[in-house]
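Here are some notes to go with your first look at this one. Keep the structure open while you read, and take the points in order.

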Amino acid sequence: NTTFPTERTLQMVLRARLKRLIVEGGSFELFLPVLEQLREPICVLVPDTETLKSIPNSCVHHQYLTRRNLVDAKQWIATEPNSQTLAYLLFTSGSTGQPKGVMVTQRNVMHFVDCMVERYDITEQDRFSQTFDLTFDLSAFDMFVAWEKGACLCCPTQGEKLLPGNYIKSQSITIWFSVPSTAIMMKKLRMLKPDAYPTIRYSLFCGEALPLEVAEAFQQAAPNSVVENLYGPTELTIASTLYRYETDEAEADSQLGVVPIGNAYPAMTEMIVDEDLNVVKPGEVGELLMTGPQLSKGYWEDPEKTAAAFVVPPGQTEVFYRTGDRVKRRRAGGPLLYLGRVDDQIKVQGYRVELGEIEALIREAARTDVAIAVGYPAGINGADGILAFMSKTDIDTAEIEATIRNNLPAYMQPTSLVHVDTFPLNSNGKVDRRALLENYLASQPDAAPAR
């Protein structure tokens with residue numbers, strides 16, 4: 001990812017122990033600072049370039065190959081793929097600051113791709129959106145689900161990404177896939193007018209909670225499409241549960257104003273467990289565990305973190321992944337409801353507080369699409385209070401505060417409601433909560449620093 005800091009890219013190269021790199025010509029100079037810091041020689045292939053400009057002395061110990069070094073493609077002999085070999089290493093953020101390399105196998109990816117191709121009846125006539133960076137695993141859907149059936153992948157320019165409505169129309173997109181934040185932005189900019197995108201067959205969302213109002217707005221804007229909400233951490237390969245949105249049923253199924261995450265993919269198995277990994281009673285809240293053919297092999301050269309996240313629950317024989325996500329089913333056989341992260345449950349003045357509950361109430365009271373609650377300032381055993389951010393709204397702040405007071409106990413009521421014009425997003429297009437808090441604190445000279 002050319003937008004990543006040099007140090008982060010360097011750490012991934014070193015941790016993966018890469019021996020060969022393929023770099024596009026337009027990115028080669030951006031990659032030189034990484035090559036300068038690699039002491040062990042590696043082979044760098046720049047296949048779309050005839051000749052390279054002068055190589056800095058600090059990088060001459062590496063081997064460089066260009067288009068001139070390529071042999072005729074007819075000489076290539078395909079090898080039989082092994083389903084257990086790695087398809088890719090995908091580095092995710094680690095709590096220690098060191099990125100964790102998730103080992104995703106050929107089998108993991110192919111099960112996902114095959115499920116998607118069959119479910120959405122993909123043909124060579126389809127035209128796929130491409131809204132994700134290649135370092136975000138959702139991009140594997142765009143590429144490999146399209147290419148499995150010879151469909152067209154429509155790669156947008158940076159300008160087109162800023163105006164997704166125009167991009168959908170100009171490219172006649174039939175399969176749309178993005179994070180919900182993109183749809184929220186489109187709704188805010190009035191790009192989701194009824195019947196705006198008649199070519200879309202499927203409107204798919206993944207990566208964060210999908211608000212009911214946004215799903216309905218996109219459904220009306222793409223009336224010929226089926227709207228689905230997908231869910232899945234990288235460790236379970238791209239997406240592992242899904243829910244088909246239908247207005248009446250979704251309103252009955254949902255909670256906290258967000259669309260359910262649905263049920264497991266074919267051959268995938270889920271469990272809802274308590275802190276001791278025992279299955280909770282029907283209707284109770286617990287952590288989601290999953291296993292099946294999309295379960296990755298763990299973390300690259302990190303047995304300690306692998307053992308902590310990939311576990312065998314009591315009474316089971318298979319390894320399950322601990323997602324860290326809180327879920328429940330409101331009724332037997334009903335869809336899974338996403339209720340936030342296990343680590344989003346904080347303690348305020350000794351009380352357990354679910355930040356998602358506060359966010360849902362603010363979204364409803366303010367009639368807005370985005371609301372973020374964080375524990376602040378930090379206390380000895382949690383947080384001393386709660387700070388809430390929400391997008392601009394026409395609803396009077398006093399009215400919103402009154403709704404909060406009437407519905408939440410005092411310890412759950414935010415000490416401040418902060419209006420935000422634009423929410424900072426991380427490289428995957430999700431709201432960056434830490435950057436949001438840091439931006440706010442930077443504008444408040446007397447505020448205590450975030451911990």
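This is a predicted model: local features need pLDDT of at least 70, side-chain atom pairs count only at pLDDT 80 or more; totals for chains, interfaces and linings use all residues.

1. C206 is in no disulfide: the nearest cysteine sulfur belongs to C115 and sits 14 Å away.

2. What about C155, buried or exposed? C155 counts as exposed, because its relative accessibility is 53% and the cut-off for exposed is over 50%. Its sulfur has the sulfur of C154 as the closest cysteine partner, but at 7.7 Å that is too far for a bond. A disulfide would need the two sulfur atoms within 2.5 Å.

3. Now the charged side chains. How many salt bridges does the structure hold? There are 15. The next points walk through a few of them.

4. Have a look at R201 and D126, which form a salt bridge with their closest N and O atoms 2.9 Å apart. This pair links distant parts of the chain, 75 residues apart. R201 is in the loop between helix 7 (180-188) and strand 9 (202-205), while D126 is in the loop between helix 3 (106-119) and strand 6 (127-128). As for accessibility, R201 is partly exposed at 27%, whereas D126 is buried at 3%.

5. Next, E228 and R244: another salt bridge, with 2.6 Å between the closest N and O atoms. E228 lies in strand 10 (residues 226-231) and R244 in strand 11 (residues 241-244), so the pair ties together parts that are 16 residues apart in sequence. E228 has 0% relative accessibility and counts as buried; R244, at 33%, counts as partly exposed.

6. Which residue does D253 meet in a salt bridge? That would be R331, at 3.0 Å from N to O. Here, too, distant parts of the chain are linked: D253 is in helix 9 (residues 247-253), and R331 is in the loop between strand 16 (320-329) and strand 17 (336-341), 78 residues apart. D253 is buried, with a relative accessibility of 9%, and R331 is partly exposed, with a relative accessible area of 46%.

7. One last thing to find in the viewer: E50, R67 and R68, which are linked in a network of salt bridges.

Note on methods. Residues are numbered from 1 along each chain as its sequence is written. Side-chain values use heavy atoms; hydrogens and water are left out. Buried means under 20% relative accessible area, exposed over 50%, partly exposed in between (1.4 Å probe, protein chains only). A salt bridge is a side-chain nitrogen of Lys or Arg within 4 Å of a carboxyl oxygen of Asp or Glu. Helices (H or I, at least four residues) and strands (E, at least two) are DSSP runs, numbered from the N terminus.
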